[in-house]
Amino acid sequence: MSQIPVELVKLLIALVAIAAFVGLNGLVLVYLERKVAGHIQRRPGPFEVGPHGLLQPLADAVKLIGKQLFTPKNADGFLFWLAPIISFLPALLLFVPIPFGPVATGMEMNLGLLLILAFSGLNVLALCLAGWGSNNKYGVLGAARAVAQSVAYEIPLLLAVLAIAFQTGSLNLSEIVQGQGGWPWQWNAMVQPLAFIIYFVSALGETNRAPFDLPEAESELTAGFHTEYSGMGFGLFFLAEYANMIVVCSVAVALFLGGWHGPFFDGSWWFLAKVYVLLLIMIWLRWTFPRVRFDQLLNINWKWLMPLALLNLLITAFVTKLS
Amino acid sequence: MTAIKKIWENVSGLWSLIVGLRITGKNFMDKQITLHYPRETVSKSQLEGFRGPLELVGKPKDPGSPKCIACMMCVSACPSNCLTVVKAKAPVLTEEELQAMKDAEARGEKVTKPKAPKEPIKFIYDFTLCSLCGSCVENCAVNSLRYSSNVYLASTDRNDFKMDLLARLATQAQAKTPPTEPENSTRED
């Protein structure tokens, strides 16, 4: 027993908790997404399974799990089934350095932010493999779009995050949270509103959320990179998308919105509440805006977000150097 | 100058995004407009503007026969050829009647042959083809066509959607006796 380091046990517990959290959140977000979509379109949304359709996501999950896993003819079977796993597993890892509360952090690390940014890049690889492995032209097109989009949107995202890192002088998420106060005017978003907006828009692009959901645009590409996936193959991509949404929102809360600090008292509930507010805004955006065209998507990134992010970073560097 | 203009365009576009969010936000807060169908049914006011399969409008004095004058405007306006209207033919005269007419003509009297009555003897409407565009309703010279408000239309046989509108009008008129307010399933335009 004495050989097993405490840190490892803590990490294991954290990973199990994270897996449970991601699974549960997947269910909650599917329900939330459908309900919000329903109410925006002034219909009830899921209503028949359980009270107010509460058991609907569970029924969906059972259906997804029960479906046959089908590999298309002449597809690269190994890559085809590796892709959803590569997409999903790093998503779990991304939660490890996120400070959900003063104590509730999977693992304190000085390079937490870097770890998240590095491993979130793996998702692109997964989408690329999925598209390529499917032996399907829609899949390949979706994958190509995913790569172009994710590579493009990663840059302003990094620049926005870097501005915060410059300002606080740390890549440790817990430290960045500690640098902020409980009240909204003590948040980093107040000092860096531009960085926050750029981060949020890029995060939408990174997580392939509408209006930037071009890799899987069903009207143009049937379903893009996951055209050929059935059952839990699709389910894992789906879960990974929701997990990534929570990660980007959590990072946004930690970096910009004061993390687990709140007015009067601190705690994890503040963190979760802020994360869910951001998630709700993401869902709201999805059901409000039409999908952009691909050239528009890249134009927004290269012509607007990038220059603005660079400008913001330069000003931040200048101001931090002076003070 | 054009660069400033372009930037301004984008900034005002940004504002339009906020306007869009406000609209969906308002809809989110609003009451639902759909019904939980098997538990609730649609009320009359909710059917305002609903386009159900076509039906004929009866004459005010004789609700069993349509206002239609078989002018075929609806048939020629229909883009999907879902209407079949057959005009009533002139009555066939018997030998004696023909003879009587000839005699009258010989006597120098003015004789008018009986004309075809201005009414359809057949009015078939194929709802499987209809796109409910309303061209027929708009083009009807005597306002004899309208949308019904039949919401609960279902069948397992496509032939059920080939409707004989004359028969439908007759049964509607029968059901309506004694004549009172317009029937629930129909709507006055």
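1. In this predicted model, the lining of the largest cavity is made up of ten nonpolar residues, five polar residues and one charged residue. Helices α4 (112-120), α5, α6 (137-168), α9 and α11 of chain A each give two or more residues to that lining. The largest cavity has a volume of about 200 Å³, and among the 16 residues that line it, Leu94(A), Ser120(A), Leu157(A), Glu206(A) and Val248(A) lie nearest its centre. A search of the whole structure finds four cavities of 30 Å³ or more.

2. The second largest cavity holds about 70 Å³ of space. It is lined by 13 residues, and those closest to its centre are Cys68(B), Cys71(B), Cys74(B), Phe123(B) and Cys140(B).

3. Turning to the pockets, which elements supply at least two residues each to the lining of the largest pocket? They are α9 (193-206), α12 (268-286) and α13 (294-322) of chain A, together with α1 (2-29) of chain B, and α1(B) provides the largest share, with ten residues. The space in the largest pocket is about 1400 Å³, and of the 36 residues lining it, Ile197(A), Val201(A), Ile300(A), Leu14(B) and Leu17(B) are the closest to its centre. The lining of this pocket divides into 28 nonpolar, four polar and four charged residues.

4. The second largest pocket has about 560 Å³ of space. It is lined by 30 residues, of which Glu216(A), Phe238(A), Glu241(A), Tyr242(A) and Arg286(A) are the closest to its centre. Two or more residues of the lining come from each of α1 (6-40), α5 (122-133) and α11 (231-256) of chain A, and α11(A) gives the most, with seven residues. The classes in this lining are 14 nonpolar, seven polar and nine charged residues.

5. Arg286(A), one of the residues closest to the centre of the second largest pocket, also takes part in a salt bridge, in which its side chain meets that of Glu33(A) with an N to O distance of 3.3 Å. The two partners belong to distant parts of the chain, since Arg286(A) sits in helix α12 of chain A and Glu33(A) in helix α1 of chain A, 253 residues apart. Over all chains, the structure holds eleven salt bridges. As background, side chains of opposite charge can pair when their charged atoms come close.

6. How many residues does each chain bring to the contact between chain B and chain A? Chain B brings 16 residues and chain A brings 14 residues. The size of an interface is often given as the accessible area lost when the parts come together. For this pair of chains, the area buried between them is about 1500 Å², with 66% of it on carbon and sulfur atoms. On the side of chain B, Leu21(B), Phe28(B) and Gln32(B) lose the most area to chain A, and together they account for 34% of what that side buries.

7. Six residue pairs are in polar contact between chain B and chain A, where both residues have a pLDDT of 80 or more. The residues on the side of chain B that touches chain A comprise five nonpolar, eight polar and three charged.

Conventions
Residues are numbered from 1 along each chain as its sequence is written. Chains are lettered from A and ligands numbered from 1 in the order in which they are written. Side-chain values use heavy atoms; hydrogens and water are left out. Contact means heavy atoms within 4.5 Å. Buried area is the accessible area (1.4 Å probe) that two parts lose on being put together, summed over both. A polar contact is a pair of N or O atoms within 3.5 Å; within protein, one must be able to donate a hydrogen and the other to accept it, and residues adjacent in sequence count only if both atoms are side-chain atoms. Ala, Val, Leu, Ile, Met, Phe, Trp, Tyr, Cys and Pro count as nonpolar, Asp, Glu, Lys and Arg as charged, and the others, Gly among them, as polar. On a 1 Å grid over the protein atoms alone, a cavity is a set of points where a 1.4 Å probe fits but cannot get out, and a pocket is an open set with protein on both sides within 12 Å along at least five of seven lines; lining residues have an atom within 4 Å of a point. Grid points are joined across faces, edges and corners, and a volume is the space filled by probe spheres set on the points. Helices (H or I, at least four residues) and strands (E, at least two) are DSSP runs, numbered from the N terminus. A salt bridge is a side-chain nitrogen of Lys or Arg within 4 Å of a carboxyl oxygen of Asp or Glu.
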